[in-house]
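Reader: Please take one part of this model and look at it closely: the side-chain pairing of charged residues and its surroundings. I would like the cut-offs stated as you go.

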Amino acid sequence: MSLLTSSKLNNYLADIDEQAQERFEVLIEQMKQAQGITEQLKAENVWEWVRRLNNIQACAMDIVNKEIVFA
């Protein structure tokens with residue numbers, strides 16, 4: 001409540017959003033490398049690439065939510 005009354009809530013939320021977005025992007029790249037998801041896979045089998053990338057994004061979002069958003 002003090003963040004709201006002191007007009008610092010927007011800055012606080014913007015900071016959390018920035019941290020979450022940066023962490024999400026790092027996780028995506030790390031997971032893509034670990035699982036060998038490349039542009040070559042995208043060229044050879046786009047549906048497999050989409051399936052695997054969607055799975056990675058969902059996992060990364062869960063991690064970000066647990067680490068930053070709902071911490």
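Author: R23 is partly exposed, with a relative accessible area of 27%, where partly exposed is the range between buried, under 20% relative accessible area, and exposed, over 50% (1.4 Å probe, protein chains only). The model is a predicted one, in which local features need pLDDT of at least 70 and side-chain atom pairs count only at pLDDT 80 or more, while totals for chains, interfaces and linings use all residues. Residues are numbered from 1 along each chain as its sequence is written, and side-chain values use heavy atoms, with hydrogens and water left out.

The side chain of R23 forms a salt bridge with that of E67, at 2.8 Å from N to O; the term requires a side-chain nitrogen of Lys or Arg within 4 Å of a carboxyl oxygen of Asp or Glu. This pair links distant parts of the chain, since R23 belongs to helix α2 (residues 9-35) and E67 to helix α4 (residues 46-69), 44 residues apart. Helices here are DSSP runs (H or I, at least four residues), numbered from the N terminus.

A search of the whole structure finds 3 salt bridges. In helix α2, K32 and E29 are 3 residues apart and so are separated by about one helical turn, and their side chains meet in a salt bridge at 3.6 Å, N to O. K32 is buried, with a relative accessible area of 19%, whereas E29 is partly exposed at 40%. In helix α4, R51 and E48 also lie 3 residues apart, about one turn of the helix, and their salt bridge spans 2.5 Å from N to O; E48 is partly exposed, at 23% relative accessibility.

Apart from its neighbours within four places in sequence, V64 is in contact with A20, R23, F24, L27 and V69, contact meaning heavy atoms within 4.5 Å. Finally, K42 lies over the face of W49, at 4.6 Å from the ring centre, under a criterion that asks for NZ of Lys or CZ of Arg within 6 Å of that centre and within 35 degrees of the ring normal.

Notes: Helix = DSSP H or I, 4+ residues; strand = E, 2+ residues; numbered from the N terminus.
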